[in-house]
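Here is a short briefing on one protein model. Look at the helices and the aromatic rings first.

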Amino acid sequence: MHPILGNGRRLLIYLLAWVLVGALLTVALREDGPWLITLAFLIPLCLVFGFVALSAGYICRAFPLDVRARIGNLIVVHLVAGTVAGGIWIALAAAWARAVDWLSNSTGGSALADSQALPLFMVAILLFWLAAVCHYLLLAFEASREAESRTLELSLTAREAELKALRAQIDPHFMFNSLHSISALTTSDPVAARRMCLLLADFLRDTLRLGSNQRIPFTEELQLVDQFLAIEQIRLGARLRVTQTLDAAVARCLVPPLILQPLVENAVLHGIAQLIEGGTISVVAQCAGPMLTITVTNPCDPDRQRSRGVGLGLELLRKRLTTQCGVTEGLRAVEAAGSFCATIHIPVVT
């Protein structure tokens, strides 16, 4: 079905446009006859011809205006189509003129049709070509919209594939660090190691349950962090201390799952665990305008031995923020004077 016929609003606008054409032709072609007969002759004729002009859309689809089109063929096709459309309009004009004469009991319709036959024929051809131009513009708009839609779809597919790849890297990285923490207790405190395994199982179950979601409430993300810290508390004991400062508004924010946990994990493994006296991890979350800002600060040993794996979690987090949240500078990490501070900025979603 033609797109104009399939939409009631478009069809109404289209018919009103042809009524306007009929009114203009009435002013241009009227001779000495009554205005009413001229309007009764031309406006219905234009409305009927409007449906004839819709055939230009099918011709435009059959002979598209693209790099493969031959200009000569297009000219011939539209010359023939315009001539045929003009002939149809003249035939309709003759038939409708007799009907108008019969209805008005006069000869005004036939006189107008006979005297204006050539102008009507030329106008019909021009109007048909104008309809063809409009259809070509409509086809170009539809092609542009489809291309934009395909580009967006490909972009979303690529982003989803990248997110899956990042998650595939995050899981082994976290598992390695968690199992390394458990192995440290197996010889010194088997009971604590067993309890740590149970806590880890609960944590992994919740991680798998929430990790497949695009966004989760910030309160659930905090629960995952608390579970992780409970695991590490067994190994580090009183050396690990945590403070949280949260705005009331952040509870309503939605964040990507496991967005805060890598920061806390990095603070524990590369900060607190490297210090004999331990230290305090500070978590501050603020919702200011369109951005949610989360800052994790922890003490660190500036002279610690740095392994090749340090920074992997933060690098994966930076890529997730870019891919999933669209922020290129979403993560900022600074180390100075024995303190490490990592800050992430996430667009607010509620």
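Which residues in α1 are buried? They are Y14, W18, G22, L25, T26 and L29. Their arc around the axis spans only 130°, so they sit on the same side of α1. Keep in mind that this is a predicted model.

**Helix α1**
- Helix α1 covers residues 8-29, a run of 22 residues.
- From first C-alpha to last, α1 reaches 31 Å, close to the 32 Å expected at 1.5 Å a residue.
- R9, L12, L16, L20, L24 and V27 are exposed, on the face of α1 turned away from its buried side.

**Aromatic pairs**
- The structure holds four aromatic pairs.
- F49 and W89 are stacked, because their ring centres lie 4.7 Å apart and their planes meet at 20°.
- F49 belongs to helix α2 (residues 35-53) and W89 to helix α4, so this pair ties together parts 40 residues apart in sequence.
- Both F49 and W89 are buried.
- F203 and F228 make a tilted pair, with 6.4 Å from centre to centre and 50° between the planes.
- That pair links helix α7 (residues 190-211), which holds F203, to helix α8 (residues 218-236), which holds F228.
- F203 is buried at a relative accessible area of 1%, and F228 is buried at 2%.
- Ring pairs join Y14, W18, F49 and W89 into a cluster.

**Nonpolar surface patch**
- V48, V76, V80, V84, I88 and L92 make a nonpolar surface patch of about 470 Å².
- Helix α4 (residues 71-104) gives the largest share, five residues.
- L92 lies in helix α4 and is partly exposed, with a relative accessible area of 30%.

Key. Residues numbered from 1 in each chain as written. Predicted model: local features only at pLDDT ≥ 70, side-chain atom pairs only at ≥ 80, totals over all residues. Heavy atoms only, no water. Patch = residues over 30% accessible without salt bridge, like charges linked within 9 Å, V, L, I, M, F, W, Y side chains within 5 Å. Areas by Shrake-Rupley, 256 points an atom, 1.4 Å probe, with all protein chains shown as cover. Salt bridge = Lys/Arg side-chain N within 4 Å of Asp/Glu carboxyl O. Helix = DSSP H or I, 4+ residues; strand = E, 2+ residues; numbered from the N terminus. Buried < 20%, exposed > 50% of the residue type's maximum accessible area, 1.4 Å probe, protein only. Expected span 1.5 Å × (residues − 1). Arc of directions from axis to C-beta. Phe/Tyr/Trp six-rings, centres within 6.5 Å; stacked < 30°, edge-to-face > 60°.
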